[in-house]
Each structure stands twice: as structure tokens, then as C-alpha cells.
Amino acid sequence: MAQVKMTVNGKTASGEVEGRTLLAQFLRDDQGLTGTHVGCDTSQCGACVVHVNGEAVKSCTMLAVEANGATVDTIEGQANADGSLNVIQQAFQDHHGLQCGFCTPGMVMSASALLKENPKPTEAEVRHYLDGNICRCTGYHNIVKAIMAASGQDVSAIAAE
Amino acid sequence: MYNFDVEMPSTVADAVKAMARDEAQPMSGGQTLIPTLKARLAAPSVLVSLTGIDEMKGVCMDDAGRLCIGGATTHARVAAEAAAHYPALASLAARIGDPAVRNRGTIGGSIANNDPSACYPAGALGSGATITTNKREIAADDYFQGMFETALEEGEIVTEVKFPVPTAAHYEKFLQPASRFPLVAAYVAKFGDGVRVAITGASNNGVFRWGEAEAALGANFAADAVAGLAVDATDMISDLHGTAEYRAHLIGVMTKRAVAAIS
């Protein structure tokens with residue numbers, strides 16, 4: 001067992017983990033942050049995407065001990081300080097960017113990473129960036145639309161609602 | 001996944017020391033190895049993480065004009081930092097997996113694993129790169145030895161890869177959309193003294209140089225120069241995604257497209 005300590009959503013999080021404990025398991029089982037979802041557990045689906053030191057990673061494919069000392073941001077830390085939805089979350093609601101919601105935490109975290117490095121992406125760039133996030137409900141149109149809207153762009157011409 | 005100890009060295013020397021432990025396994029970004037451990041296809045007693053070794057991270061040019069990439073440098077960093085020096089290689093890195101995978105996966109991990117469908121082996125062999133380990137320097141032509149086989153010895157760690165920069169190059173990847181690996185890809189690099197063509201995703205023996213295409217393109221660097229060349233399908237990979245014959249055909253198509261993209 002190893003002791004780990006990291007900053008999760010601005011707060012110190014520490015615990016004892018096995019070598020094999022995944023970051024996703026530490027967040028969910030140890031810290032009770034079950035917003036990070038484990039869909040495929042094979043690094044394909046992206047439901048487990050969180051930010052480690054500001055970069056999007058698949059938390060099912062990183063060991064908890066590797067995040068020792070890091071700053072980790074999860075879906076639970078995305079809302080505004082007053083508890084209201086942030087601009088990306090609100091856009092997902094406004095544009096019906098989710099149905100069952102299982103993939104949504106990963107979609108929002110990926111979208112947030114994208115908009116940080118590319119504040120006004122094209123539709124093609126959004127679709128390309130979501131290569132590693134799989135949704136089995138929506139067909140992606142409304143997710144893409146939500147992310148475009150969150151970037152402040154006019155989405156009235158984008159197909160499907 | 002079976003349990004293991006994790007060592008987190010911060011220098012190459014400490015990593016080498018940790019590798020002396022019984023049944024130790026080095027791990028870089030872990031984007032292949034962690035799924036492998038989950039499937040219980042590997043069961044090391046000790047995992048030596050290379051992600052905390054700063055001296056193995058970064059992109060720079062050496063005095064000989066080679067692009068040098070530290071073994072623990074992520075694909076995302078290569079895509080960003082190599083773009084000005086060697087655009088074709090940066091483009092290869094930018095198309096590996098997906099954005100989250102590129103933020104963890106590293107060049108050293110890819111080169112050490114030598115998956116028969118991985119991108120970096122094609123870039124390294126196609127460029128005539130030199131693989132630097134904690135012990136020695138190995139020419140790419142001697143390094144890649146078959147499917148998941150390399151010249152690396154037990155406990156040897158890829159610390160750096162040095163790429164001669166060609167006058168022009170292009171990586172043409174026929175994407176297998178589920179895995180995001182290439183079904184077949186061709187890396188074509190044009191140097192002052194000849195052309196190198198490396199093919200990944202196709203052969204049961206892993207990445208290889210397509211000598212006939214190199215000779216044809218050396219004489220006449222044009223897409224048509226490889227039009228008449230046929231690839232023997234005998235040793236090609238055959239699976240549900242494509243037959244050996246299909247892959248052999250794709251080798252010609254990908255090479256032609258890569259040449260067309262350059263010229």
C-alpha cells in the first residue's frame with residue numbers, strides 16, 4: 001500500500017492505495033466522487049476523462065500513485081461557485097446534449113479541455129477532438145452543438161435538435 | 001489486474017536500479033500496458049513508472065540537426081513542439097489514439113512495445129532514427145526485430161529517440177476507426193541521398209522497410225513510380241478487419257498517397 005495525496009477540485013484528497021489502484025477507482029471509491037464514470041475500462045469510451053495538471057486523461061488508464069502530488073479536476077468541480085451549471089454544462093442542457101447521461105461527465109471534461117486550447121473550434125474540430133469519447137444515445141449532433149454553443153458561436157445553422 | 005508494487009524513480013539511474021528488482025516491468029504512459037495488465041496478459045511484481053523522470057522529457061534539436069525526443073515525452077507534446085522542426089513527425093504524433101491518450105502515451109513506450117500496428121515505429125524506421133537507451137545507441141534498422149520484438153535487453157530503457165530530419169516526409173494512415181491504430185500506414189521520407197519507406201500495420205513481422213518502393217522512388221520521386229509494384233501478401237496480417245491481400249494492396253495505396261502529398 002502507498003500513501004497518495006493530491007488536490008482534487010481544489011481540496012486536498014489523500015488515502016492509502018494499492019499499486020494497481022486506478023485513478024478512477026481512487027476518485028470513485030475512496031473519495032466518493034462517482035461523477036467520473038467507468039464505461040469500458042479499456043480506454044476506449046472516455047466516460048472517465050478527468051484533468052490531471054490541466055490535461056485531459058482517461059482516469060481508468062492511469063494509476064492513482066502516478067497522480068500523487070497532482071492537481072486533479074473532475075466533473076464535480078465544474079459548476080460555478082454559486083452551484084449553478086457552468087457554461088459547458090448549461091449548453092449541454094440547453095441543446096439536449098445528453099440522453100442517458102452516462103458519457104456526459106467525460107464529454108464535459110473533454111469539451112472543457114478542447115475549449116481551453118481552442119476557444120472557437122470549428123464543428124469538424126469538435127468532432128475530431130471527441131474521437132475518444134463515445135456516446136451510445138445521442139448520435140453526437142447535439143453534443144457537438146452544445147460545445148459549439150458553449151464556445152459562444154452561433155449554432156442555429158447546425159443540423160439536428 | 002493482479003497487484004504489484006510501483007516504483008516512481010525521478011532519474012534514469014534510479015529507474016535502472018529499480019529495474020533490477022525481480023520481475024520488474026517499466027511503464028511509460030501506460031496506454032497499452034495498463035489495458036494489458038487488466039487483461040492479465042502481463043503480471044509483473046514491480047512496475048517501474050517512467051513518468052516522473054524529467055530528464056527523459058522534451059523535444060530539442062542537436063548540433064547534427066537531428067530532432068531529439070526524450071523517451072517519456074507524450075504524443076501531445078511532440079505534436080506541439082516538433083511541428084516547427086519536423087512537421088511530418090509532429091503530424092504522426094497528433095493522430096495517435098485520441099486527445100486523452102496523447103496526453104499520457106509516450107514515444108519511448110510506443111517504440112519499446114513495437115506493436116505491429118503502432119505509428120511511431122514507422123516514423124522512426126522511416127526516418128532512420130537512432131534509439132538511445134540507458135546503455136547504448138541502436139540504429140532503427142537494427143532495433144525493430146519483429147512483432148513486439150526489439151533489440152532491447154532485459155531492463156533496458158529507451159531514454160531518447162533521435163530523428164534525422166528529411167527534406168520532405170509524410171505519414172499516410174488508413175485509420176482503423178475502432179482502435180484508432182492504422183489498419184496500414186506508410187511513412188515516406190525523402191532525404192538528399194535517397195528515400196526511405198516504412199510500413200506499419202501490415203506485416204506479421206511488424207514494421208518494415210519497403211525496399212522496392214525506396215529504389216523506385218529514389219530514381220523517380222513520383223506517385224506513379226510505385227504504381228506497378230506489387231507486395232507479396234504471404235507474410236501479411238489477416239484478421240476480421242482485413243485480409244492479407246487487402247493489406248498488401250493498401251501498402252501500395254498508402255505509399256502512393258504519401259508521395260503525392262509530398263510532391
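Trainee: Which residue in β13(B) is the bridge partner of Tyr187(B)?

Mentor: Ala198(B) is the bridge partner of Tyr187(B). Keep in mind that this is a predicted model: local features need pLDDT of at least 70, side-chain atom pairs count only at pLDDT 80 or more, and totals for chains, interfaces and linings use all residues. Residues are numbered from 1 along each chain as its sequence is written, while chains are lettered from A and ligands numbered from 1 in the order in which they are written.

Trainee: What makes β12 (residues 182-191) of chain B and β13(B) a pair?

Mentor: Pairing requires that DSSP finds at least two bridges between two strands. Seven bridges join β12(B) to β13(B), so they pair, and they run antiparallel. The two form a hairpin with two residues between them.

Trainee: How many bridges join β13(B) to strand β14 (residues 208-209) of chain B?

Mentor: Two, with the strands antiparallel. The rule asks for at least two, so this is a pair as well. Ile199(B) stands opposite Phe208(B) there.

Trainee: Why is β14(B), residues 208-209, called a strand?

Mentor: A strand is a DSSP run of E of at least two residues, while a helix is a run of H or I of at least four; both are numbered from the N terminus.

Trainee: What makes strand β13 (residues 194-200) of chain B mostly covered?

Mentor: Six of its seven residues are buried. A residue is buried if 20 or more other C-beta atoms lie within 10 Å of its own, exposed if 12 or fewer, and partly exposed in between, with C-beta atoms placed from the backbone.

Trainee: Which residues does Ile199(B) touch?

Mentor: Among them are Ala122(B), Val184(B), Trp210(B) and Ile251(B), not counting residues up to four places away in sequence. Contact means C-beta atoms, placed from the backbone, within 7 Å.

Trainee: Which residues touch the most other members of the largest nonpolar core?

Mentor: Val188(B), Ile199(B) and Ile251(B), out of 126 residues. Such a core is a set of buried Ala, Val, Leu, Ile, Met, Phe, Trp, Tyr and Cys residues joined through C-beta atoms within 7 Å.

Trainee: Why is helix α7 (residues 120-127) of chain B called largely enclosed?

Mentor: Eight of its eight residues are buried, so the rest of the structure largely encloses α7(B). The buried residues include Tyr120(B), Leu125(B) and Ser127(B). Just after α7(B), Gly128(B) takes a positive phi of about 65 degrees.

Trainee: What makes β4 (59-61) and β7 (137-139) of chain B edge strands?

Mentor: The open sheet has five strands in the order β4-β5-β10-β6-β7 (chain B), paired antiparallel. β4(B) and β7(B) each pair on one side only. Inside the order, four bridges join β5 (residues 67-70) to β10 (residues 158-163) of chain B. One links Gly70(B) with Glu160(B).

Trainee: How many residues does the contact take from chain B and from chain A?

Mentor: Chain B gives 22 and chain A gives 23. Elements giving two or more residues to the chain B side include β1 (5-7) and α2 (33-38).

Trainee: How does the side of chain B that touches chain A divide by class?

Mentor: Ten are nonpolar, seven polar and five charged. Ala, Val, Leu, Ile, Met, Phe, Trp, Tyr, Cys and Pro count as nonpolar, Asp, Glu, Lys and Arg as charged, and the others, Gly among them, as polar.

Technical notes. Two residues are in contact if their C-beta atoms, placed from the backbone, lie within 7 Å.
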